[in-house]
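Hello,

Here is the structure I promised to pass on. Please open it first, then read my notes below.

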Amino acid sequence: TGTTGQTTSVIFDDLVDLVHSVDPAYRASGSCRFMMADSSLKVVHKLKDSQNRPVFLPGYEGLGGVMDDSLLGYAVQINQDVAAMAANAKSILFGDFNQYVVRDVMAPTLFRFEDSAYAKLGQVGFLMWHRAGGNLLDTAAVKYYANSAT
């Protein structure tokens, strides 16, 4: 959690703490990444370390191939469904997202209705059911940064 006054910001030390809050076995796997909204990336993009070097390195396509955006040496994934920076918001995620599993319980079932209620209006009705769920298998694999409440 950010210190008081960091309702819409993050500091370098908080990012380092976030990285080290994830189990070292996951950090060593090479699958860890940051995930945040684009508005949070804008804030992070302006951060510099104690030597005044940018913490965020934008990716590029060069002679050696494609280099992804990186933050503290880890890839950055933009996800607009992650909360933007605000009071008490969990605005930055870090970890091995391969540990999140989506489970499809049943195949999609589609029903087509052509009965009189629809036929009177020249329409056809459709109803589809699909049951799925998801869960993080190991809570040590992904952690979040929460902005300060005040």
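**What I found**

Start with a charge over a ring: the charged end of Lys90 lies 4.6 Å from the centre of the Tyr144 ring and sits over that ring.

Keep in mind that this is a predicted model. The protein chain has an average pLDDT of 89, and 97% of the residues reach at least 70. Among the elements, strand 1 (residues 33–36) has the highest mean pLDDT, 95. Strand 4 (residues 65–67) has the lowest, 72. Where pLDDT is low, the predicted coordinates should not be read in detail.

Next, the aromatic rings. The structure holds four aromatic pairs. In one of them, the rings of Tyr74 and Phe94 have centres 4.9 Å apart and planes at 75 degrees, so this pair is edge-to-face. Tyr74 belongs to strand 6 (residues 74–78) and Phe94 to strand 7 (residues 90–95), so the pair ties together parts 20 residues apart in sequence. Both Tyr74 and Phe94 are buried. Ring pairs also link Phe34 with Tyr74 and Phe94 in a cluster.

Phe113 and Tyr118 form a stacked pair, because their planes are at 20 degrees, with ring centres 6.4 Å apart. Phe113 is partly exposed, at 31% relative accessible area. Tyr118 is partly exposed too, at 30%.

Now the surface. A nonpolar patch of about 600 Å² includes Phe113 and Tyr118, along with Val105, Met106, Phe111, Leu127 and Trp129. Strand 9 (109–113) and strand 10 (125–129) each give the patch at least two residues. Val105 sits in the loop between strand 8 (100–104) and strand 9. Val105 is partly exposed, with a relative accessible area of 34%.

Best wishes

Note on methods:
Residues numbered from 1 in each chain as written. Predicted model: local features only at pLDDT ≥ 70, side-chain atom pairs only at ≥ 80, totals over all residues. Heavy atoms only, no water. Patch = residues over 30% accessible without salt bridge, like charges linked within 9 Å, V, L, I, M, F, W, Y side chains within 5 Å. Areas by Shrake-Rupley, 256 points an atom, 1.4 Å probe, with all protein chains shown as cover. Salt bridge = Lys/Arg side-chain N within 4 Å of Asp/Glu carboxyl O. Helix = DSSP H or I, 4+ residues; strand = E, 2+ residues; numbered from the N terminus. Buried < 20%, exposed > 50% of the residue type's maximum accessible area, 1.4 Å probe, protein only. pLDDT = per-residue confidence, 0-100. Phe/Tyr/Trp six-rings, centres within 6.5 Å; stacked < 30°, edge-to-face > 60°. Lys NZ or Arg CZ within 6 Å of the ring centre and 35° of its normal.
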